[in-house]
Amino acid sequence: KHLGKNNVTSIDVFCETGVYSHDESRRILLAGKEAGLRLNFHGDELSFTASGELAAEVGAHAVAHLEHVSDEGISKMAENDVTAVLLPATAYVLRITPPPARKLIDGGVAVALGSDFCPNAHILSMPMTMNMACVLMRMSVEEAMAAATINAAYSLGISGKCGSLEEGKWGDVVVLNAPKWEHIVYDMVDP
């Protein structure tokens with residue numbers, strides 16, 4: 001934004017049937033990579049498009065949604081350090097099967113959480129997002145907390161400066177009046 005220029009760091013594409021095909025998505029992502037951009041994209045949301053496999057092939061840092069990710073995609077993501085950004089509110093609102101968080105975690109894939117704030121998933125509440133991750137996707141409270149903080153920062157390539165409470169990192173902190181930290185998730189709304 002300095003001097004009227006955008007500071008673009010990542011490229012995104014929606015790899016989905018009827019939007020951008022697997023091959024179109026590959027071309028877009030590789031063009032972004034050649035331009036020096038991080039590859040974070042959306043895929044396997046409404047249908048299987050081999051987005052996990054594509055993410056590993058092109059060197060993506062993260063892929064979001066993954067409701068229809070394959071076992072091979074999970075394996076390839078784990079082998080290539082691709083973060084799964086899961087958006088439980090989308091599955092909830094669209095009444096579709098949520099992403100297989102348990103399979104991803106057990107398969108060695110780092111999982112991050114996001115609200116997917118958009119017209120069809122009009123939610124900004126990360127506590128509610130974390131609750132849905134625990135209830136709908138069988139994540140533990142500890143996994144949901146890590147997914148919403150350090151893993152989310154990692155998916156964006158900024159975990160070295162935020163996402164956890166450590167000396168030298170940004171000090172974004174919320175102080176809650178709750179008996180235990182787990183109430184962030186249990187209360188289901190912004191406490």
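**Close-up views of a predicted model**

**View 1. The crossing of helices α6 and α7.** Helix α6 passes helix α7 in a right-handed crossing. Met126, Met130 and Cys134 of α6 make the contact with Val141, Ala144, Met145 and Ala148 of α7. By class, the residues of this contact are seven nonpolar, no polar and no charged. Helix α6 covers residues 126-137 and helix α7 residues 141-148; their axes come within 9 Å and cross at roughly 135°. The two helices are therefore oblique to each other. As in the other views, the coordinates come from a predicted model.

**View 2. The contact of helices α2 and α3.** Helix α2 spans residues 51-58 and helix α3 residues 71-79. Their axes come within 7 Å, with a crossing angle of roughly 25°. An angle under 35 degrees counts as roughly parallel, so α2 is roughly parallel to α3. The crossing of α2 and α3 is left-handed. On the α2 side the residues are Gly52, Glu53 and Ala56, and these meet Glu72, Gly73, Lys76 and Met77 in α3. The contact of α2 with α3 holds two nonpolar, two polar and three charged residues.

**View 3. The largest nonpolar core and the surroundings of Ala84.** The largest nonpolar core is made up of 34 residues. Those with the most contacts inside this core are Leu29, Phe41, Met77, Ala84, Leu86, Leu113 and Met139. Ala84 is in contact with Val63, Leu66, Met77, Leu104, Val109, Ala110, Val111 and Ala112, when its neighbours within four places in sequence are left aside. Another core, of six residues, lies apart from the largest one; Ala64, Val85, Leu87 and Ala152 are among its members. In soluble globular proteins, nonpolar side chains tend to be buried together.

View 4. Cys15 is found in strand β2, which runs over residues 14-15. Buried means under 20% relative accessible area, and Cys15 counts as buried because its relative accessibility is 0%. Setting aside neighbours within four places in sequence, Cys15 is in contact with Tyr20, Ser21, His22, Ser25, Phe41, His42, Gly43, Asp44, Thr49, Ser51 and Leu54. One of these contacts, Thr49, is 34 residues from Cys15 along the chain, and the C-alpha atoms of the pair are separated by 6.8 Å. Phe41, also in contact with Cys15, is one of the residues with the most contacts inside the largest nonpolar core.

Technical notes. Residues numbered from 1 in each chain as written. Predicted model: local features only at pLDDT ≥ 70, side-chain atom pairs only at ≥ 80, totals over all residues. Heavy atoms only, no water. Axes fitted to C-alpha atoms, helices over the stretch in contact; angles between N-to-C directions. Helix = DSSP H or I, 4+ residues; strand = E, 2+ residues; numbered from the N terminus. Parallel < 35°, antiparallel > 145°, perpendicular 65-115°, else oblique. Left-handed = near helix turned anticlockwise from the far one by under 90°. Contact = heavy atoms within 4.5 Å. Nonpolar A, V, L, I, M, F, W, Y, C, P; charged D, E, K, R; others polar. Core = buried A, V, L, I, M, F, W, Y, C linked by side-chain atoms within 4.5 Å. Buried < 20%, exposed > 50% of the residue type's maximum accessible area, 1.4 Å probe, protein only.
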